[in-house]
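Colleague: I'm new to reading protein models. Could you walk me through one, feature by feature?

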Amino acid sequence: GGDVVKGYYLATDQRHGTVEAALSVVIDRVLGLYSLVLLAVLGLAWDIPLVMSQPQLTWLALTCFGVAFAMTLALALGFCGNVSQSVRFNRLIDRFPKLSLISRVFVATELYGRNKCVIVKCLMISLAAQGIGLAVFVYVGNLLGRDLPLSTYMFCFPLGSVVTALP
């Protein structure tokens, strides 16, 4: 809903760089998702003996760790500023002109990557917002008489949020 509208207005308000404008909404969404995954990983790592003692949780933890690793790698590659300048990448784009949109996405992502301080601040703000949501979740759980360890909340809350955040 709201992300589509934001992306539309950003893209139509720009004379040049509609991909770059719309990508700002996507990057915001990805950083929010990344913060949820990091919070889930932290919760799972917090109580690793419990996680390793239950096969379902072990599978869930391995999946979360894998997603966190893949997202970290993808964000690092996207923000590093070297992909669009790669000779191999440019040859691939020259060979398949329909991939030029992908090239524009990499260039725009690399532009965001030039200001790593802003990216880190955005990630910290997102983590703080998720932390507030987690605190509310723990508070309501306590009001309902659920005496669960914080680590349980720390991986249940973000995983539930990820499921509801995905389109």
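Modeller: Leaving out residues up to four places away in sequence, Ser151 touches Gly43, Trp46 and Asp47. Before going on: this is a predicted model, where local features need pLDDT of at least 70 and side-chain atom pairs count only at pLDDT 80 or more, while totals for chains, interfaces and linings use all residues. Residues are numbered from 1 along each chain as its sequence is written, and side-chain values use heavy atoms, with hydrogens and water left out.

Colleague: Is Ser151 buried or exposed?

Modeller: Buried means under 20% relative accessible area, exposed means over 50%, and partly exposed is in between (1.4 Å probe, protein chains only). Ser151 has 3% relative accessibility, so it counts as buried. You'll find Ser151 in helix H8, residues 150–165. Helices here are DSSP runs (H or I, at least four residues), numbered from the N terminus.

Colleague: How do I check the length of a helix?

Modeller: Take 1.5 Å times one less than its number of residues; that's the expected span. Helix H7 (residues 116–143) has 28 residues, so it should span 40 Å, and its end C-alpha atoms are 40 Å apart, which agrees.

Colleague: Which residues of H7 are buried?

Modeller: They are Ile119, Leu123, Ser126, Gln130, Leu134, Val138 and Gly141. After H7 comes Gly145, with a positive phi near 85°.

Colleague: And how do I read a pocket?

Modeller: Rolling a probe the size of a water molecule over the atoms shows where empty space is left. On a 1 Å grid over the protein atoms alone, a pocket is an open set of points where a 1.4 Å probe fits, with protein on both sides within 12 Å along at least five of seven lines; lining residues have an atom within 4 Å of a point. The second largest pocket has about 220 Å³ of space, counted as the space filled by probe spheres set on the points, which are joined across faces, edges and corners. Helices H2 (18–46), H4 (55–80) and H6 (100–113) each give two or more residues to its lining.

Colleague: Which helix gives the most to that lining?

Modeller: H4, with 5 residues.

Colleague: How many disulfides does the structure hold?

Modeller: A disulfide is a covalent bond between the sulfur atoms of two cysteines. Here the cut-off is a pair of cysteine sulfur atoms within 2.5 Å, and the structure holds 0 of them. Cys64 is buried, at 7% relative accessible area, while Cys156 is partly exposed, at 38%.

Methods: Contact = heavy atoms within 4.5 Å.
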